[in-house]
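Here is a friendly briefing to read alongside your model.

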Amino acid sequence: MALHFGRNICGDLEVSGQREWLVTNGIGGYASGTVAGVLTRHYHGLLVAALKPPLMRTLLVTKLDEAVHYGEHQFELQTDRWVGGAVTGHGYTQTERFHLEGTVPVWTYAFGDALLEKRIWMEQGANTTYVDYKLRRASEPLTLSLKALVNCRPHHDSTEGGRWQMQVESVEQGVQVRAFDQATPFYLLAKNGTVELAHTWCRGYSLEIEHARGIHPFDDHLHAATFAITLAPEESYTLVLSTEEEPCLEGQMALKARYAYEEDLLQRWQGAHHLSEKSTPQWLDHLVLAADQFVVQRPLPGEDHGKTVIAGYPWFGDWGRDTMISLPGLAIATGRPEIARPILRTFARYVDQGMLPNLFPEVGEEPHYNTIDATLWYFEAIRAYFAATQDEALLRELFPVLEEIIAWHQKGTRYNIHMDEDGLIWGGDPSVQLTWMDAKVDDWVVTPRIGKPVEINALWYNALVSMAEFSRHLGQSADRYTDLAERVRSGFQRFWHEEKGYCYDVIDSPNPQEEDMLRPNQIFAVALPQFEGVEPLLSPEQQRSVVDHVARALVTSHGLRSLSPDHPEYIGQYTGGRYQRDGAYHQGTVWGWLIGPFVQAHLKVYRNPATAQSFLEPMADHLYSGAVGSLSEVFDGDAPFSPRGCFAQAWTVAEVLRTWLLTLQTT
């Protein structure tokens, strides 16, 4: 199952510097970097701790500059790029192999007849990172020196060192670092070897990706200590980086626990769907493990096991829309529906005026209610959960909240979101981005989509039909919901553009130029679940026409374009500063998660699982780029569809898993 690269990738700085790795701890903390070892983002580090789980993510330990003394020679294993473009260290030239063991990245360094392996992982539930070295092969002992570079800043920011004096102190088996008096202390610890304190700022790291994104591209880090050990063949050395004062220092024991945790995830996935009896490709196992990286704990008053979903690494937190779209794939498809239950209950607490929060609140902060679709995706997440579990107790608990949501949408709520006379939902505000196409730069809302967006009304219909089903399960009358759903179905025909053979993207809009753009949003009118005995929104001929138009203009190897390349406003490259990137975000940029609803719609229309799977298969190749073993947020609209945005995105992973399973269930 291991994804691996040899020297052809590892030995090329331009290529291996673009391949990234990610490990997580289940509470929002993470570690990430490049295969080459060169820093290219503010977010790269060995310990990015979630100090207020799952957020307040803070870079504490950046990197280890490794040097090896073997025989009469010294080899540097780090690689650094500096202000002005100079590259030093060139450790990538010593890397013979890189591979993943589950989610654990493994480097194999070669010098002469010696092979040294390095592994990095985190402890589940703790801000603790392990960096383990094992001398696999050598004809004499080898001396390893590790120069530890630390920081203490929000992971979005950069640092100017200079006069900043951190408190670096010796403790038993290592070093304690306290960046300033009120800062959380953190520890660098090892069971054996030597440690020498230091306090030297290394200034002027140049971050290539941040430069390309138009963000301040320089950073400084503090050399806090140097650890050293002499290893004989088959001996190991583990350096532990933690906010815990007494973490487990037994590296091999901690590694076995990590492997056991991931093996259990795979067994749950395989057992839930009887996959041992089917031929499923092994690359899906990587996605199951990647899916777990987004599910994190979120402590809540009165909740011992509160959970939420990180939308994407490295910079996103937990968002209502992303959570509800991702939940069926992350929880139900992976065989862990119990994950969904506390998340669905948690969000019910925050429903206000019939709306779910878009941005989940920090402790003591107010939620942000600026989404028209997250609330409607909530119905679909509950429907999928109930279909998998038949958990009537939770359905009964949440049903009054769902009734309240429907009522608020009928009478009207924030941002003029309301049901119009034709039964359709209208909403919008010139200053607020409400749909998933939510790019905004300062006061510029790039795709306002004010009016009646097509996917919002497909989701509205789905919510009403789901409520009718829920009512029947709970022994209540479904008439009010079936009657309203029929009214919506009739009104939805206004979206059909007879001349072009597909749906308007928005109707009744003050911006008529938005209306007939060929966008992917109409695919939801085909893809959303078909209920037995319930008429679909579109006729079979209309459904096929939508799928065909989307397939020919919007489908790429890694998702759907957000706008047809034939449109004059199409932008094929997601690059540049904020204005350039956000201006392209939904104007042609490819979104990975949209391959899911497209595959679902294609299955419904053509009933051909093999063809449907063929649209997902290129994602197996993408596992080797971006964040190795995961799937990216977005891609350029133009070939070769280079990955952009977050290097690991929850809804992309979730939708590929969910819809692959649908292809197995379709006959």
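Strands here are DSSP runs of E with at least two residues, helices are DSSP runs of H or I with at least four residues, and both are numbered from the N terminus. Please keep in mind that this is a predicted model, where local features need pLDDT of at least 70, side-chain atom pairs count only at pLDDT 80 or more, and totals for chains, interfaces and linings use all residues. Residues are numbered from 1 along each chain as its sequence is written, and side-chain values use heavy atoms, with hydrogens and water left out.

**Cavities**
- A cavity is a set of points on a 1 Å grid over the protein atoms alone where a 1.4 Å probe fits but cannot get out, and lining residues have an atom within 4 Å of a point.
- Volume is the space filled by probe spheres set on the points, which are joined across faces, edges and corners.
- The largest cavity holds about 270 Å³, and W21, G37, L46, K63 and K118 lie nearest its centre among 27 lining residues.
- Strands β3 (30-34), β4 (45-52), β5 (55-70), β10 (104-111), β11 (114-122) and β12 (128-137) each supply at least two residues of that lining, and β5 gives the most, with four.
- The second largest cavity holds about 160 Å³; among its 17 lining residues, Y461, L528, P529, P536 and L537 are the closest to its centre.
- Helix α10 provides the largest share of the lining of the second largest cavity, four residues.

**A pocket**
- A pocket is an open set of grid points with protein on both sides within 12 Å along at least five of seven lines.
- The second largest pocket has a volume of about 820 Å³, and R383, Q600, R658, L662 and Q665 are the closest to its centre of the 32 residues that line it.
- Helix α8 gives the most to the lining of the second largest pocket, with six residues.

**Nonpolar core**
- A nonpolar core joins buried Ala, Val, Leu, Ile, Met, Phe, Trp, Tyr and Cys residues through side-chain atoms within 4.5 Å, where buried means under 20% relative accessible area with a 1.4 Å probe, protein chains only.
- In the largest core, of 200 residues, Y237, L344 and Y378 touch the most other members.
- Helix α10 (residues 454-473) gives the most to this core, with 12 residues.

**An open sheet**
- Five strands run in the order β31-β32-β33-β34-β35 with antiparallel pairing, where two strands pair if DSSP finds at least two bridges between them.
- The edge strands, β31 (555-556) and β35 (643-644), each pair on one side only.
- V555 stands opposite L560 in β32.

How values were computed
Buried means under 20% relative accessible area, exposed over 50%, partly exposed in between (1.4 Å probe, protein chains only).
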